[in-house]
Every structure is written in structure tokens, then in C-alpha cells.
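Dear colleague,

Please find the structure below, together with its sequence. My notes on what was found in it follow directly after.

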Amino acid sequence: MKLLVTGGAGYIGGIVTALLLEAGHDVTVLDDCSTGHADAVPAGAGFVQGGIDSAGDVLDPSYDGVLHFAAKSLVAESVRHPDRYWRGNVGGSLALLDAMRAHGVRRIVFSSTAATYGEPATMPITEDTPPVPTNPYGASKLAVDRMLEGEARAYDLAAVSLRYFNVAGAYGQLGERHDPETHLIPNLLAVAAGEVEQAKVFGTDYPTRDGTAVRDYLHVVDLADAHLRALDAAAPGRHLVCNLGTGAGSTVQEVLDAVRRVTGRPVPVTENPRRPGDPPALVASNERARSELGWSPQRDLDTMVADAWAFRQGLPEAPGGRAAAGGSAR
């Protein structure tokens, strides 16, 4: 297929692009590189540096579909500057859908998020769990999901929304380079690498198996595989929503143990009180993805850490965030 990948210079978008190329697809990346990196666009992909609102200048009727990753994704920033998230995530996605409609491109796979669910009281989280986002980031992604639902009904769009939980790992030379870095595993690896003195663990008295919070971690290559499967599963007039997770989850302490085990390095941490609003556990049901996409996660926590560590070791400099005092562990 001939495909456009918006946000393909980012962590997940770049790795999905790499797998699409390996599968024989013709891929063009559209990314303004505001948070992505031009050198993360895999060789063999076309690259247009520009915002999502320029998708109409890139698309034409020869395209078979779009994989949409371009978005702002920092929860704290979305609370401070919600307008950026409505304008970029919602307005940008509407511009993309307008361009697709104008050129007759009727297939899309959307990078959604578990943040659409907010903080549900029951686990595991299914696609039928009522979405009650608690921040503008999650609300903006839910708004795009709603747009896709309406486009599928009104214009026969074939749409799949994939709601991620926590993504980790790397694929060769492609890995996380966020600035600032807010994810647990890269922040723990920064401590293991000696770039940061210690990490912070928030909450050791949760009602979990070891007192630390549980989150559902998924290897980025398993995540990317789901996107390729979603392209095939997309059906005209249907908006399919699938959660992507392991269905089990790992505690912060288990992740810390894995980092120490894989790297063979000490990783000092300080224990801090729970952060307001942090739920004890967030774990996905992946039954719908198994049945609809024929997908299941294949890589375990140690593999995620090992691949992320190998990527980090190969960088000429540590990812953005090395100078941060501590590293949030959640």
C-alpha cells in the first residue's frame, strides 16, 4: 500500500514506519520535527517536513491510507496550555480528515491513548469502560476518536483507533529521545547510566502486590505490529477501537528490579508520597485486539529494558532530560 505516516519522525511513528517499509509498503512521513527527529525517519521513506495542516499538499488519490501519530502528548503541558492540545491534536486531526476526504483516501489508523479512560475504578480496562479523561490531552484524543466515529458513519471511512497504555523498548537505532523525558524506563536507565543521581518512586503503600503502582508496559515493536494488523482490519463504515496492553501489568518495583537485573548497575531511588490522582493500577484488557486484529504481545519486560538500554548505549549523547534532577518513577 501507499501510506502517509503523520508524526513518523517520532518514537513510535518512526518504528512503525520501519516495519511498514520492511513489509513492502510505500511510505511518506509528514512531521514538523517539533518533538521528533529527522534522523529517526527510516531510510527508504519519503519525508516532508511540515505540520499536519499541510497534509492536503502531500496526499493525493494514489494513497491507500494514513497512520496518524502527530500529536502533542504531555499531560502536564496539556493542563497548563490546553489551547495547544485543542488546536494541534483536534484541529490538526480535523484538517487531516478534510484532506483525506478531499483526495478520496478512506483508511486511517489513529494513535489514541489510554488517557481517554481517565482513572477507572475497575480493572482490566476494556473498550466498553466509559471514557472520562481527566486532562486536556486525554480529552483531545477522545475528541478525535469521536470524529473518526462520525466520519466512518457519514463518509464510509475505514478507521481504527489504538489506545496505548505504557510503551517501552527500542528497535535497533530507533528509540525514545523525548525532551523532557517523562517515562519510567528511560528515566531509570538514565540513573543506571550515571547521567542522573537517583530516581523518585511516588507511592509505596498502594494496595498492590509490593505497594508500588501497577502499569501496563508494552514493547514498542509489539505495538508497531498492531498498527500493521489494524491497516488490514480497517473496514469501510466502521470505527474499531482496540486497547493495546499485556493484560497483566508490572509494578514500579518490578520495573526497577528489571532495570537493575538487565543493566547490572545500581539504580538508587528515593521513596516519596503518592502523587494526587495517581491510581493504584492501570491495566488493559487486550481481548478485542486478539480477536479483531489477531494480535498478542510477544516481548516481556526484560526485553523492553534490554532493547531500550542497548539503544541508549549506542547514542552519542543521552536523550533529553539527562539534566533533570531525579527521574519520575510511576
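Aspartate 156 is partly exposed, with a relative accessible area of 46%; by the cut-offs used here, buried means under 20% relative accessible area, exposed over 50%, and partly exposed in between, with a 1.4 Å probe and protein chains only. This aspartate lies in the loop between H5 and strand E6 (158-164). Aspartate 156 has a positive phi of about 65° although it is not a glycine. Helices (H or I, at least four residues) and strands (E, at least two) are DSSP runs, numbered from the N terminus.

Please note that this is a predicted model, in which local features need pLDDT of at least 70 and side-chain atom pairs count only at pLDDT 80 or more, while totals for chains, interfaces and linings use all residues. Residues are numbered from 1 along each chain as its sequence is written, and side-chain values use heavy atoms, with hydrogens and water left out.

Two further loops deserve mention. Cysteine 33, in the loop between strand E2 (26-31) and strand E3 (46-49), also is not a glycine and has a positive phi, of about 60°.

Within helix H5 itself lies alanine 154, which is exposed at a relative accessible area of 54%.

Tyrosine 171 belongs to the loop between E7 and H6 and is partly exposed, with a relative accessible area of 30%. Setting aside neighbours within four places in sequence, tyrosine 171 is in contact (heavy atoms within 4.5 Å) with Ile15, Ala18, Leu19, Glu22 and Val221.

Turning to the helices, H7 (residues 220-233) has 14 residues and reaches 20 Å from its first C-alpha to its last, close to the 20 Å expected at 1.5 Å a residue; the expected span is 1.5 Å times one less than the number of residues. H7 is mostly covered, with 10 of its 14 residues buried. Among them are Val220, Val221, Asp222 and His227.

For H10, the 13 residues should span 18 Å, and the end C-alpha atoms are 18 Å apart, which agrees. Its buried residues are Leu301, Met304, Val305, Ala308, Trp309, Phe311 and Arg312. They cover an arc of only 160° around the axis, so they lie on the same side of H10; the arc is that of the directions from the helix axis to the C-beta atoms. These buried residues pack against strand E7 (166-168), H6, strand E10 (217-219), strand E12 (250-251) and helix H8 (252-263).

Finally, the structure holds three cavities of 30 Å³ or more. On a 1 Å grid over the protein atoms alone, a cavity is a set of points where a 1.4 Å probe fits but cannot get out, and lining residues have an atom within 4 Å of a point. Grid points are joined across faces, edges and corners, and a volume is the space filled by probe spheres set on the points. The largest cavity has a volume of about 80 Å³. Of the 10 residues that line this cavity, the closest to its centre are Glu176, Pro186, Leu189, Ala308 and Phe311. The largest share of the lining, three residues, comes from H10.

Yours sincerely

How values were computed. On a 1 Å grid over the protein atoms alone, a cavity is a set of points where a 1.4 Å probe fits but cannot get out, and a pocket is an open set with protein on both sides within 12 Å along at least five of seven lines; lining residues have an atom within 4 Å of a point.
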